Amino acid sequence: MSIDYTALGKRIAKRRKELGLKQYEVCELVDVNYKYLSNIETGRSAPSLELIMSLCRVLKTTPDYFLLGTVTSEISDNDIALKITPMTDEHKKLIRGMVELISEIENG
């Protein structure tokens with residue numbers, strides 16, 4: 001199976017735009033040159049696996065989305081943590097309470 005780097009680049013650009021991020025902002029977050037990210041988004045350059053993983057973290061998605069265009073329906077602990085991390089302490093307390101309640105229900 002070969003990787004379609006043009007499609008991969010388009011998915012990276014699409015996700016970046018969905019999050020309202022500029023190329024230079026993503027470059028700073030993943031520590032790459034602006035021209036390099038531009039070349040990746042247009043399919044002229046192939047990103048390393050390490051860069052793909054960094055982009056997944058920064059753009060809050062999974063490698064399967066960038067590489068294959070699919071989104072898994074599974075929920076991982078990391079997915080949940082990524083969503084909770086930027087929340088306020090008040091919201092985190094509320095979530096902790098809900099988790100404790102669900103845990104009590106499931107554990108009898």
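1. Contact here means heavy atoms within 4.5 Å. With residues up to four places away in sequence not counted, Asn 39 touches Arg 44 and Ser 45. Asn 39 belongs to helix α3 (residues 34-41), helices being DSSP runs of H or I with at least four residues, numbered from the N terminus. Asn 39 is buried, its relative accessible area being 14%; buried means under 20%, exposed over 50%, and partly exposed in between (1.4 Å probe, protein chains only).

2. The model is predicted: local features need pLDDT of at least 70 and side-chain atom pairs count only at pLDDT 80 or more, while totals for chains, interfaces and linings use all residues. Residues are numbered from 1 along each chain as its sequence is written, and side-chain values use heavy atoms, with hydrogens and water left out.

3. Helix α2 (residues 23-30) packs against helix α4 (residues 49-58) at about 115 degrees, the axes lying 10 Å apart. Axes are lines fitted to C-alpha atoms over the stretch in contact, and angles run from 0 to 180 degrees between N-to-C directions. Val 26, Leu 29 and Val 30 of α2 meet Leu 51, Ser 54, Leu 55, Arg 57 and Val 58 of α4.

4. Asp 31, in the loop between α2 and α3, has a positive phi of about 60 degrees and is exposed at 71% relative accessibility. Lys 60, in the loop between α4 and α5 (63-68), has a positive phi of about 50 degrees and is partly exposed at 48%. Most residues other than glycine have a negative phi.

5. Met 98 lies in helix α7 (residues 89-106) and is partly exposed, at 46% relative accessibility.

Methods
Helices (H or I, at least four residues) and strands (E, at least two) are DSSP runs, numbered from the N terminus.
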